[in-house]
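My entries follow in the order of the look-ups.

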Amino acid sequence: MAVISNGTTIIDAGAISVGGGKETLIKTATFTNASTVAFIDGTDNVVMDDTYHTYIFKCIDIHGNDDNGRWAFQVNTAGASGFNESCTSNFFNARRNHGDTYSILGAVTGYDQAQGTGYQNISDTGPADGSAERTHAGHLTIFNPSNTTFATQFMAEFSDAMSDDYMIHSYVSGYFDVAAAIDEVSFKSSAGTTSGIIKMYGIGS
Amino acid sequence: MAIISNAVTMADAGGISASLGSKIHIKTLTSDGSDDTLTFVHGTSSVVLDGTYPIYQFIFNSIHPQTNSAEFGVLTRDGGTDYDGVKTTTFLSCNHGTGSQGGPIAEDFHVRQSTGLATLALNVGSDADENCSGYMYLYSPASTTFTKFFQSRMSAQRQDGVSVVCFCAGHSNHTAAITGVQFKFSSGQIQAGSISLYGIKDS
């Protein structure tokens with residue numbers, strides 16, 4: 001039995017769906033050998049509007065088929081077409097190899113963008129089929145995407161177990177330089193196809 | 001009458017038995033366009049900031065300054081009514097311009113045993129679309145034994161369009177409970193944006 005008040009489903013399927021301010025699970029996308037994975041407001045139960053002020057995408061067991069693949073994302077604004085919004089970002093990470101012979105902390109030029117319209121890297125390269133057990137995992141937060149006044153800020157943090165025995169911890173931040181509501185998010189690898197799980201959450205007031 | 005949905009008892013005997021989650025929304029403050037500060041005080045305007053929750057989270061959305069290149073930061077209340085809790089912090093930032101490659105990682109803008117503003121985001125631009133967003137965790141503010149730690153991460157547009165990420169970690173170095181937290185810019189008003197306060201249960 002569902003409890004519906006004024007058109008809003010309050011209780012259904014054993015869960016309370018409103019209030020609380022918690023991270024509300026909106027959508028789980030499980031995919032295999034996908035070229036892209038998109039979350040589009042109003043499609044397949046995805047909500048990406050002012051229902052929530054902050055959205056979090058948790059990426060789990062992201063595994064590609066190309067060693068050169070970096071996990072990346074882009075957005076699209078309401079009423080527009082194409083994942084190609086102008087992005088300025090920064091990217092730095094810490095790296096260490098299994099043999100403990102190499103470690104570094106620093107900005108990674110080329111993984112960031114300066115008013116670029118390409119997919120924004122949120123992880124480093126790999127892992128791929130050559131090392132079947134290794135994956136990317138991390139989370140992406142997008143703040144206030146429904147606003148139509150300010151640029152939209154985002155932040156991501158990812159761990160990567162590379163196929164050549166490197167552990168990488170990447171921090172990525174930036175903004176989309178658009179004064180329009182963002183209502184679509186697309187993920188893909190910079191090379192090859194990808195399998196994994198993405199869980200989308202909304203944080204409300 | 002019990003409410004049973006999908007074989008799960010959601011409400012019965014005057015109580016809701018289903019989980020509302022571990023992150024509980026407490027209060028959202030939205031700028032009226034000319035706020036000198038946005039302040040959360042325990043016991044005021046429905047704010048809870050005591051031992052009810054062991055961890056509190058503040059989420060900042062589209063905080064916009066009046067003054068170009070101002071620092072956004074935090075002040076704490078250490079038992080009195082003034083926001084003069086002594087703080088020591090570390091501060092890490094990395095930036096990237098709209099026409100250049102990535103900048104260095106810098107450790108700067110920290111405070112050392114200061115009662116002043118602890119910077120969470122630096123050089124925030126005041127152009128019409130410029131702002132900063134992010135979050136801050138505050139651990140065990142009600143403790144009267146230990147100092148109180150906080151950690152933040154902010155993404156901001158600098159006054160020259162540069163994207164800058166800022167990490168601040170520090171402590172409010174006193175044993176008195178923190179009963180209030182205040183956010184402001186180093187200069188000028190908060191002219192837009194919101195700050196939401198959450199309590200994290202059982203953590």
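I started with strand 5 of chain A, which pairs with strand 14 (residues 182–189) of chain A in the antiparallel sense over four bridges. Strands here are DSSP runs of E of at least two residues, numbered from the N terminus, as helices are for H or I runs of at least four, and two strands pair if DSSP finds at least two bridges between them. For Val37(A) I found Phe187(A) as the bridge partner in strand 14.

On provenance: this is a predicted model, in which local features need pLDDT of at least 70 and side-chain atom pairs count only at pLDDT 80 or more, while totals for chains, interfaces and linings use all residues. Residues are numbered from 1 along each chain as its sequence is written, chains are lettered from A and ligands numbered from 1 in the order in which they are written, and side-chain values use heavy atoms, with hydrogens and water left out.

I then read the sheet order in chain A: an open sheet of four strands, 5-14-7-10, with antiparallel pairing. Strand 5 (37–40) and strand 10 (120–125) of chain A stand at the edges with a single partner strand each, so one side of each has no neighbour in the sheet.

Next I turned to strand 12 (residues 148–157) of chain B. Eight of its ten residues are buried (under 20% relative accessible area; exposed is over 50%, partly exposed in between; 1.4 Å probe, protein chains only), so the strand is largely enclosed by the rest of the structure. I noted antiparallel pairing with strand 11 (residues 132–139) of chain B over seven bridges, and with strand 13 (residues 163–172) of chain B over ten bridges. Gly134(B) has Met154(B) as its bridge partner in strand 12, and Ala156(B) stands opposite Val164(B) in strand 13. The hairpin of strands 12 and 13 of chain B has five residues between the strands, and Gly161(B) takes a positive phi near 85° there.

Last, I checked Ser62(B), in strand 6 (residues 55–65) of chain B. Ser62(B) counts as buried because its relative accessibility is 2%. Leaving aside neighbours within four places in sequence, its contacts (heavy atoms within 4.5 Å) include Asn144(A), Phe150(A), Cys132(B) and Gly193(B).
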